[in-house]
Amino acid sequence: MSDPNDYKKAYLREKQARDEVESLLEEKTRALYLANQTLERQLEQLKNQQAVLINNERMATLGSLSAGVAHELNNPLAYVRGNLESLNHYLPALQELLNLASMAGHTDNDQMLSTQLKEAYVTQRLNDISEDLPDLINDTLHGCERIKIIVSDLMNFSRSNNDSFSSIALKPIVEDTLRLLSGQLKSYDLVIAIEDVAPILGKDGAIKQAIINLLANAKYAVDRDHKPHKTIEVLLAPGNDKEVILSISDNGIGIDPDIINRLFDPFFTTKPVGEGTGMGLAVTHAIIKEHRGSITVQSEEGIGSRFTITFPTEHIEAE
Amino acid sequence: MRGVVFRGLEELAIETIGMQEWDELLETYAPQGRVYVSPTAYPDEELFALAQGVASKLDKPLTEVLAIFGQSLFGFLAKKHVGISSKFSSFEELVVSIDSVIHMEVKKLYDEPNLPSITTTIENDKTIILKYKSNRKLCFCAEGLLHGAAQHYNRVLRIEHPQCMHEGADHCVLILHLD
């Protein structure tokens, strides 16, 4: 092939071959790009839907929490009100005392003022009032503080539906959640062992949501059983080097082995119609997965169930 | 730079300096056995060296060769991607769509992180102001591409280049005057 025209013909053939192969490749690449775009859009949609589901579940939880919280608020409110009524009852005596005190230095008859003060001291039982006042005020302040904490916990829970990933300590989150549910859990034997553990990268509100769901299930399970001691156990402890373990267990009715594999399926519930959405454990599972953690369940009918959550502590990237 | 641009240069070089000269340039400036295929990325320096080689062989300044190359590259790309070039019914339509349509099409085909940024403003029915910014500073090639596009749509185009990255500006300004 010494003729330059032959080289040119060979080059043109090779060029045409490259063109054809590239054209095929481009067609496939373009289709792949468009398919990928569609998948990304669908993934975004799914993430949005999941966020909506989690939020709906949070609102449902908030609704079911309300009754317990209302009861929790009622107790401090009752003694705050009682104390204020007592203070109101003492008010005329204190006003009389103040009136007499205001006359000091403005009257020529100090003797008479002194007598009136002594009479008031006895007739108005100022001694008793004086003894009562610090307790009344301290108890009222304590009640207000208690109400403030309950409201604050509830608000933290309800407004954290859009919270983002940050470094968080699990211990206060578990403690806050238990406090939020304290009214509903007070008739159970609670075994709580919460250790200081390494921080994790997570969403405060979402984790509270997961814990509430598991505690609500534990409560439901022990309520359906008839053991004299209804025990719910919450443990938080370090796992291996890079893990934190949170486990919630109960000595309730346990879970039928035939359904245990479906527990985390959306809309799966063993509760009667109207009592459960079937989304609690599905949402819990989604939350744990979002944190790149894992959740496992061990259960034996008639003995109880244990849900164990493992969170990674050194995971930085969040989806 | 993607192989598709090298292939455009290859086509122009074979037409203007011939296969043997192009082969010599490849021997000198490209690794042994190099074959350019459109989706593959090759070093920018290789393209600049080959373009410089073509300029030397044609005894023309590099800027002039880049302009000629740009003009020829437009025809090469338009022929290769008829589906894209047929989307535009006029030169003006094509120019204002460079970033939003053409570069989007490029992204579909190639994972190209160094696309130039191009913004356009239509001043009036005969003048378009185009701002070009690229770390490759291939503004002369962009001028050639614009001339190639004008030729494709049978328009007479004159380009003013009052501000240039080669003179230290942050971006080039090209004023396109149409007939």
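1. Two salt bridges are found by the rule across the interface of domain 1 of chain B and domain 2 of chain B (a salt bridge is a side-chain nitrogen of Lys or Arg within 4 Å of a carboxyl oxygen of Asp or Glu). E11(B) pairs with K79(B) in a salt bridge whose closest N and O atoms are 3.5 Å apart.

2. This is a predicted model, in which local features need pLDDT of at least 70 and side-chain atom pairs pLDDT 80 or more, while totals for chains, interfaces and linings use all residues. Residues are numbered from 1 along each chain as its sequence is written, chains are lettered from A in the order written, and side-chain values use heavy atoms, without hydrogens and water.

3. Domain 1 of chain B covers 3-60 and domain 2 covers 73-178; the bounds come from an automatic or database domain assignment. Their centres, taken over C-alpha atoms, are separated by 22 Å. Nine residues of domain 1 of chain B and eight residues of domain 2 of chain B make the contact (heavy atoms within 4.5 Å).

4. The buried area between domain 1 of chain B and domain 2 of chain B is about 800 Å², with 66% from carbon and sulfur atoms. Buried area is the accessible area (1.4 Å probe) that two parts lose on being put together, summed over both.

5. Helix 1 (residues 4-103) of chain A packs against helix 7 (residues 98-109) of chain B at an angle of about 100°, the axes being 8 Å apart. Helices are DSSP runs (H or I, at least four residues), numbered from the N terminus; axes are lines fitted to C-alpha atoms over the stretch in contact, and angles run from 0 to 180 degrees between N-to-C directions. Helix 1 of chain A and helix 7 of chain B are therefore roughly perpendicular (65 to 115 degrees).

Methods
Helices (H or I, at least four residues) and strands (E, at least two) are DSSP runs, numbered from the N terminus. Angles under 35 degrees count as roughly parallel, over 145 as roughly antiparallel, 65 to 115 as roughly perpendicular and the rest as oblique.
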